[in-house]
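Subject: A structure for you to look at

Hello,

Here is the structure I promised to pass on, with its sequence. Have a look around first, and then read on for what turned up.

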Amino acid sequence: MNQPNPKAMNELIQQASQKIGVDARSLKNQIDNGKLDDIMKKLPPQQAKNFQNILNNPEMAKKLMETPQAKMIMKKFFQEK
């Protein structure tokens, strides 16, 4: 698989940071360090629960990654530089 497109990755992090109200640099650091607890605290309770369920269930995560929306994001994320 190709290396992630840094521009697309930064755009995705920026969008996510705005949506959950977290500084983009802080969000990137949390993702890089695998520390998602602070991110989870910023989500509405139902979204946090759904996200945790996905993280704990590989089959559910696989189904999510097979959706057209996820495929579109991954295509953009892994485009050639």
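Let's begin with a pair of side chains. Asp-32 and Lys-28 both sit in helix H2, four residues apart, which is about one turn of the helix. (Helices are DSSP runs of H or I with at least four residues, strands are runs of E with at least two, and both are numbered from the N terminus.) The two side chains meet in a salt bridge, at 2.8 Å from N to O. The term salt bridge asks for a side-chain nitrogen of Lys or Arg within 4 Å of a carboxyl oxygen of Asp or Glu, and by this rule the count comes to one. In general, side chains of opposite charge can pair when their charged atoms come close. Asp-32 is partly exposed, at 45% relative accessible area, and Lys-28 is partly exposed too, at 29%. Here buried means under 20% relative accessible area, exposed means over 50%, and partly exposed lies in between, with a 1.4 Å probe and protein chains only.

Before going further, please keep in mind that this is a predicted model, where local features need pLDDT of at least 70 and side-chain atom pairs count only at pLDDT 80 or more, while totals for chains, interfaces and linings use all residues. Residues are numbered from 1 along each chain as its sequence is written, and side-chain values use heavy atoms, leaving out hydrogens and water.

Now for the whole chain. It has six helices and zero strands. Of its 81 residues, 20% count as buried. The C-alpha atoms fill a box of roughly 35 × 30 × 20 Å, taken along the principal axes.

Back to H2, which spans residues 24-32. Which of its residues are buried? They are Ala-24, Leu-27 and Gln-30. These three lie on the same side of H2, because they cover an arc of only 125° around the axis (the arc of the directions from the helix axis to the C-beta atoms). Helix H1 (6-20) and helix H3 (37-42) are among what covers them.

Gln-30 has a relative accessible area of 10%. Leaving aside neighbours within four places in sequence, Gln-30 is in contact (heavy atoms within 4.5 Å) with Val-22, Lys-35, Leu-36, Asp-38 and Ile-39.

The two ends of H2 are worth a look as well. At the start, a side-chain oxygen of Asp-23 reaches to within 3.2 Å of the backbone nitrogen of Arg-25. Just after H2, Gly-34 takes a positive phi of about 70°.

Next, the core. In soluble globular proteins, nonpolar side chains tend to be buried together. A nonpolar core is a set of buried Ala, Val, Leu, Ile, Met, Phe, Trp, Tyr and Cys residues joined through side-chain atoms within 4.5 Å. The largest one here has eight residues: Ile-13, Ile-20, Val-22, Ala-24, Leu-27, Ile-39, Leu-43 and Ala-48. H1 and H2 each supply at least two residues of this core. Ile-20, one of the eight, touches Leu-27, Ile-39, Lys-42 and Leu-43, again leaving aside neighbours within four places in sequence.

Finally, find Met-60 in helix H5 (residues 58-65). Is Met-60 buried or partly exposed? At 36% relative accessibility, Met-60 counts as partly exposed. Beyond its neighbours within four places in sequence, Met-60 is in contact with Asn-53 and Ile-54.

Enjoy exploring, and write back with any questions!

Best wishes

How values were computed:
Polar contact = N/O pair within 3.5 Å; in protein donor to acceptor, adjacent residues only side chain to side chain.
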